[in-house]
Amino acid sequence: SEETLLSYILIDSGAVNYNNLSRLGFDESWLRKQLKLHNLKNPDEVFCMTAARNGETVVIPKDKRRTA
């Protein structure tokens, strides 16, 4: 269904959206595993991360060359 294809923002400029995380039925350990798959350790290394109910994720790391 369309609901399963809907993506929610889980990390926005390093800040975790815990409401969306729990809305999808995931927890922080799941989130950290996903980051690890992208060779990232912490949410603050992430510019944006989205996920759908089926577990499909998109992770965009922050540009390491830019200084925040």
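Let me begin on the outward side of helix 3, where Lys33 and Lys36 are exposed. Exposed here stands for over 50% relative accessible area, buried for under 20%, and partly exposed for what lies in between, with a 1.4 Å probe and protein chains only. Helices (H or I, at least four residues) and strands (E, at least two) are DSSP runs, numbered from the N terminus.

A word on provenance. This is a predicted model, in which local features need pLDDT of at least 70 and side-chain atom pairs count only at pLDDT 80 or more, while totals for chains, interfaces and linings use all residues. Residues are numbered from 1 along each chain as its sequence is written, and side-chain values use heavy atoms, with hydrogens and water left out.

Which residues of helix 3 are buried? They are Trp30, Leu31, Gln34 and Leu35. These residues lie on the same side of helix 3, because the arc they cover around the axis is only 140°; that arc is taken over the directions from the helix axis to the C-beta atoms. Their cover includes strand 1, strand 2, helix 2 (18–23), strand 3 and strand 4. Helix 3 itself lies across strands 1, 2, 3 and 4, and runs at about 115° to strand 3. For that angle, axes are lines fitted to C-alpha atoms, for helices over the stretch in contact, and angles run from 0 to 180 degrees between N-to-C directions. After helix 3 comes Asn39, with a positive phi near 60°.

Trp30 also takes part in an aromatic pair. Rings of Phe, Tyr and Trp (its six-membered ring) pair if their centres lie within 6.5 Å; planes under 30 degrees apart count as stacked, over 60 as edge-to-face and the rest as tilted. The count by this rule is one aromatic pair. It is formed by Phe26 and Trp30, stacked at 3.8 Å centre to centre with 10° between the planes. Phe26 counts as buried because its relative accessibility is 17%, and Trp30 does so because its value is 16%.

I turn now to the sheet. Strands of a sheet pair through backbone hydrogen bonds, either parallel or antiparallel. Here we have an open sheet of four strands in the order 2-1-3-4, with antiparallel pairing. Strand 2 (15–16) and strand 4 are the edge strands, each pairing on one side only. Two strands are taken to pair if DSSP finds at least two bridges between them.

Strand 1 and strand 2 are joined by two bridges, with Ile11 opposite Val16. They form a hairpin with two residues between them, and Ser13 in its turn has a positive phi of about 50°. Strand 1 is also joined to strand 3, antiparallel, by five bridges, and there Ile9 stands opposite Thr50.

Strand 3 and strand 4 (residues 57–61) likewise run antiparallel, joined by five bridges. Ala51 faces Thr57, and Val46 has Pro61 as its bridge partner. This hairpin has four residues between its strands, with Gly55 in the turn at a positive phi of about 90°.

Residues up to four places away in sequence aside, Thr50 touches Ser7, Tyr8, Ile9, Leu10, Glu56, Thr57 and Val58; contact means heavy atoms within 4.5 Å.

That brings us to the interior. A nonpolar core is a set of buried Ala, Val, Leu, Ile, Met, Phe, Trp, Tyr and Cys residues joined through side-chain atoms within 4.5 Å. The largest one has 15 residues, of which Leu10, Ile11, Trp30, Leu31, Val46 and Met49 touch the most other members. At least two of its residues come from each of strand 1 (7–12), helix 3 (28–37) and strand 3 (46–52). Beyond its neighbours within four places in sequence, Leu10 has contacts that include Leu21, Leu24, Trp30, Leu31 and Met49.

Finally, the overall picture. The protein has three helices and four strands, running α-β-β-α-α-β-β from the N terminus. Buried residues account for 32% of its 68 residues. Of the contacts between residues at least 6 apart in sequence, 44% join residues at least 24 apart. Thank you.
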